[in-house]
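We will go from stop to stop, selecting a few residues each time.

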Amino acid sequence: MAVLVLGIETSCDETSAAVVEDGRLVRSNVVASQIAAHAPFGGVVPEIASRHHIQAIRWVVECALQEAGVETADLHAVAATCGPGLAGALLVGVNFGRGLALGLDLPLVPVNHLEGHLHSVWLMKERNQPGPVLPMLALIVSGGHTELVVMHAHGLYERVGHTLDDAAGEAFDKVARLLGLPYPGGPAIQAVAAHAIEPMRLPRARLPGTFDFSFSGLKTAVLHLAARLATEAGPEGLRGTALPQVDIAGGLSSEQIANIAAGFQESVVEVLCQKTADAASALGVASVAVVGGVAANTALQEQMRRTIQQPLYVSPAEFATDNAAMIAAAAYYVPPVEEEIDILPGLALGMA
Ligand code: KG4
Ligand code: ZN
């Protein structure tokens with residue numbers, strides 16, 4: 001008999017619910033995005049996120065059940081992201097899931113958000129698609145995390161590298177803001193980079209001998225380059241102004257913005273691909289996955305396809321950014337808990 005799990009994801013700025021069959025087949029995946037609510041602030045405002053989750057959660061879950069053609073009586077478990085994420089946002093999803101599970105007499109399965117991202121490469125819309133072979137090296141690249149993880153089995157993970165400062169998605173968001181591009185920065189940078197005539201050459205943080213990453217130096221290099229170009233080209237009054245007072249984005253032409261964005265993207269993509277390829281060869285894995293919001297970046301996808309020797313699985317865009325289908329997929333392998341679930345804003349991926 002097929003196992004149907006209702007997944008709930010509210011760790012950041014997407015309210016999502018999904019029904020997934022046997023940890024793989026996506027019967028529905030409904031995502032209510034809050035981007036418009038946070039965009040005026042240039043980033044996610046935790047209080048606003050919690051309020052929007054409260055408003056959306058009930059109809060998002062109802063839509064997911066309806067789209068899947070599933071009655072609550074058909075469900076075998078309810079799963080909710082328990083961390084890492086924004087505490088107030090997580091609480092909405094976990095408490096809604098808890099109430100639902102209690103009322104329906106179903107188990108409630110707490111899912112680590114990163115474990116969810118890892119399972120996004122198992123999701124399929126049609127039956128009988130082949131899944132990745134283990135051990136798999138996964139590059140998790142999201143707004144909050146940049147990690148290289150070897151997945152030995154469902155539930156058995158080994159972290160082999162991580163960012164020492166900013167996550168890749170965070171760097172995309174911050175650089176976009178600096179260049180006057182809208183939130184979220186990743187898609188905005190990708191879009192303007194496509195118009196670059198001559199991408200600017202920016203540094204790469206290679207951190208030799210490790211599988212770790214660092215993006216804060218690159219971010220600073222972008223800041224200095226953009227400030228220099230803005231003051232050179234800007235009105236007389238801007239020249240010689242101290243850095244923080246310069247309206248950097250306003251002083252740049254759209255061509256300069258495109259060239260900087262493309263140079264930044266090239267630097268991030270090159271380092272992510274090189275490190276992933278080196279780790280995959282050194283660790284002798286059977287497959288490689290790229291998951292998390294930044295996996296939606298087409299330049300990253302193309303470069304990964306050119307660089308990686310092993311079978312490569314990249315989350316499709318709809319399952320790369322936050323969604324509940326990946327949570328329901330991961331839950332298929334996680335034992336339900338009897339005790340209270342802790343909300344864990346800073347929870348690291350559980351390493352066995
Ligand atoms: O996985 P995700 O939806 O949320 C977290 O768990 O953080 O990732 C969101 C991040 C944001 O930083 C966003 O700018 C980035 O993913 N992102 C992209 C693209 N689409 C989303 N970054 C680069 N290129 C994209 N096309
Ligand atoms: Zn995420």
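**Stop 1**

Select His113. This model is predicted, and in it His113 has a relative accessible area of 7%. That is under 20%, so His113 counts as buried.

Show helix H4, residues 113-119. Both histidines lie in helix H4. His113 and His117 are 4 residues apart, about one turn of the helix.

**Stop 2: ligand 1**

Select ligand 1 and show what surrounds it. How many residues surround ligand 1? There are 21. The closest are Gly143, Asp173, Gln190, Asn297 and Asp322.

Take three of these residues in turn:

- Asp173: a polar atom of its side chain lies 2.7 Å from an oxygen atom of ligand 1.
- Gln190: an N or O atom in its side chain is 3.0 Å from a nitrogen atom of ligand 1.
- Asp322: here a backbone N or O atom lies 2.9 Å from an oxygen atom of ligand 1.

Now picture ligand 1 alone. On its own, ligand 1 exposes 550 Å². The protein buries 89% of that area.

**Stop 3: salt bridges**

Side chains of opposite charge can pair when their charged atoms come close. How many salt bridges does a search of the whole structure find? It finds 12. Visit some of them.

Select Glu21 and Arg27. They form a salt bridge, with their closest N and O atoms 2.9 Å apart. Glu21 counts as buried, at 8% relative accessibility. Arg27 is partly exposed, at 30%.

Next, select Glu47 and Arg51. Their side chains meet in a salt bridge, 2.9 Å from N to O. Both residues lie in helix H2, residues 46-68. They are 4 residues apart, about one turn of the helix. Is Arg51 buried or exposed? Arg51 counts as exposed, at 52% relative accessibility. Glu47 is partly exposed, at 45%.

Move on to Glu318 and Lys125. Their side chains meet in a salt bridge of 2.7 Å, N to O. Glu318 lies in helix H10 (residues 317-320), and Lys125 is in the loop between H4 and strand E6 (136-141). The pair therefore ties together parts that are 193 residues apart in sequence. Glu318 is partly exposed, with a relative accessible area of 39%.

**Stop 4: Leu207**

Where is Leu207? Leu207 sits in the loop between helix H6 (185-193) and helix H7 (216-233). At 25% relative accessibility, Leu207 is partly exposed.

Show its contacts, leaving aside neighbours within four places in sequence. Leu207 touches Leu164, Asp212, Phe213, Ser214 and Lys275. Finish by selecting Lys275. Lys275 and Leu207 are 68 residues apart along the chain, and their C-alpha atoms are separated by 9.5 Å.

Definitions and conventions. Residues numbered from 1 in each chain as written. Chains lettered and ligands numbered in written order. Predicted model: local features only at pLDDT ≥ 70, side-chain atom pairs only at ≥ 80, totals over all residues. Heavy atoms only, no water. Helix = DSSP H or I, 4+ residues; strand = E, 2+ residues; numbered from the N terminus. Buried < 20%, exposed > 50% of the residue type's maximum accessible area, 1.4 Å probe, protein only. Salt bridge = Lys/Arg side-chain N within 4 Å of Asp/Glu carboxyl O. Near = heavy atom within 4 Å. Polar contact = N/O pair within 3.5 Å; in protein donor to acceptor, adjacent residues only side chain to side chain. Areas by Shrake-Rupley, 256 points an atom, 1.4 Å probe, with all protein chains shown as cover. Contact = heavy atoms within 4.5 Å.
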